Amino acid sequence: MARLCLSLVAALCLGAGTAAAAPPEPAEPPATVLVVLENRELDEVIGNPEAPYLNHLAGKGALATNYFGVTHPSLPNYLALLGGSTFGIAENCTECTVPGPNLATQLSRAGISWRAYMGNLPRPCFTGASYGSYAKRHNPFAYFPSITSVPARCAAIVPEARLVADLRGHRLPAFSWLTPDLCDNAHDCSLATADSHLRQLAPRIIRRLGPHGLLVVTFDEGTGDGGCCGLPGGGRVATILVGPGVPAGTELRRPADHYSLLAALEDRFGLGRLRLARSARPLAPALFDLRD
């Protein structure tokens with residue numbers, strides 16, 4: 001009996017001196033990168049010899065052939081992609097703001113890392129209307145006080161140069177948004193210029209995606225007024241998905257728009273859908289699904 005008591009005391013002492021194991025940190029979702037380019041219809045891109053790399057990506061992955069912007073001009077399309085609505089904005093205003101949650105705030109609240117890379121942004125969290133070849137109207141993150149009024153969120157809006165450093169240092173967040181500058185996104189310069197810029201970046205991005213990662217390249221709007229899904233449209237644009245789980249040469253024929261893409265991203269990260277994304281049919285659900 002005495003030996004049993006001593007054994008119990010020793011076990012209790014050992015237990016008291018051993019720190020409880022901390023629960024493991026939840027794993028980050030696989031990397032998802034969205035690149036938004038400017039103002040080209042689908043048939044201006046696909047089959048165009050000025051865009052050999054974009055056409056290479058379309059053959060390497062999946063091409064959505066019935067994908068549409070939601071309106072004109074640029075800004076409301078960017079807001080639709082991030083927030084699920086145009087918020088009644090029909091111009092490229094720079095002093096306007098839009099209320100409430102968006103994909104970035106959803107990710108932040110879920111503890112999922114994100115970063116918005118903006119071409120020629122002069123410094124993190126810059127909210128001015130323009131700077132050289134940077135234009136605020138192509139940066140929807142800067143219009144939401146729910147992002148800009150929270151220092152940690154606003155600091156996640158960074159110059160595009162940070163992307164190269166993050167790729168080199170294996171620090172790509174779970175969700176990345178890239179808007180190149182006015183030349184490299186094909187707004188002020190040729191499609192060939194944008195294609196060349198993407199060719200420099202995309203291979204490095206693809207190498208860092210991981211086994212379930214996904215690269216999405218789309219355009220904010222086309223030059224026509226085509227639309228889908230019972231809503232006004234901003235033209236039919238090329239949207240390309242590339243990743244280890246995307247079968248090469250896939251054609252996505254189902255009608256879709258920016259709300260469909262936002263819905264697919266929110267579903268991918270296990271988030272609730274915002275505004276018009278709630279009623280949208282998500283783009284290529286099987287390709288965005290993270291379940292094994």
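Reader: Is Cys183 buried, partly exposed or exposed?
Author: This is a predicted model, and the value is computed from it. Buried would need a relative accessible area under 20%, and exposed one over 50%. Cys183 has a relative accessible area of 24%, so Cys183 is partly exposed.

Reader: Which residue does a disulfide join to Cys183?
Author: A disulfide is a covalent bond between the sulfur atoms of two cysteines. The cut-off for the sulfur atoms is 2.5 Å. For Cys183 the S to S distance is 2.0 Å, and the residue at the other end is Cys189.

Reader: What is the handedness of the link of Cys183 and Cys189?
Author: The handedness is given with the torsion about the S-S bond. That angle is -105° for Cys183 and Cys189, and their link is left-handed.

Reader: How many residues apart in sequence are the parts that Cys125 and Cys154 tie together?
Author: The sulfur atoms of Cys125 and Cys154 are 1.8 Å apart, and the two form a disulfide. Cys125 lies in the loop between β4 (114-118) and β5 (130-131), while Cys154 belongs to helix α7 (residues 151-154), so the parts that this pair ties together are separated in sequence by 29 residues.

Reader: What pattern do the disulfides of the protein follow?
Author: The count comes to four disulfides. With the bonded cysteines counted along the chain, the pattern is 1-2, 3-4, 5-6, 7-8.

Reader: Now the rings. Is the pair of Trp114 and Phe141 stacked, tilted or edge-to-face?
Author: The count comes to seven aromatic pairs. One of them is Tyr78 and Trp177, with centres 6.4 Å apart and 35° between the planes, which makes a tilted pair. Tyr78 is in helix α4 (residues 74-83) and Trp177 in strand β8 (residues 175-179), 99 residues apart. For Trp114 and Phe141 the centres are 5.5 Å apart and the planes at 15°, so that pair is stacked.

Reader: Which residues form one aromatic cluster?
Author: Tyr78 has 0% relative accessibility and counts as buried, and Trp177, also at 0%, counts as buried. Trp114 and Phe141 are buried too. The cluster is formed by Tyr78, Trp114, Phe141 and Trp177.

Notes:
Residues are numbered from 1 along each chain as its sequence is written. This is a predicted model: local features need pLDDT of at least 70, side-chain atom pairs count only at pLDDT 80 or more; totals for chains, interfaces and linings use all residues. Side-chain values use heavy atoms; hydrogens and water are left out. Helices (H or I, at least four residues) and strands (E, at least two) are DSSP runs, numbered from the N terminus. Buried means under 20% relative accessible area, exposed over 50%, partly exposed in between (1.4 Å probe, protein chains only). Rings of Phe, Tyr and Trp (its six-membered ring) pair if their centres lie within 6.5 Å; planes under 30 degrees apart count as stacked, over 60 as edge-to-face and the rest as tilted.
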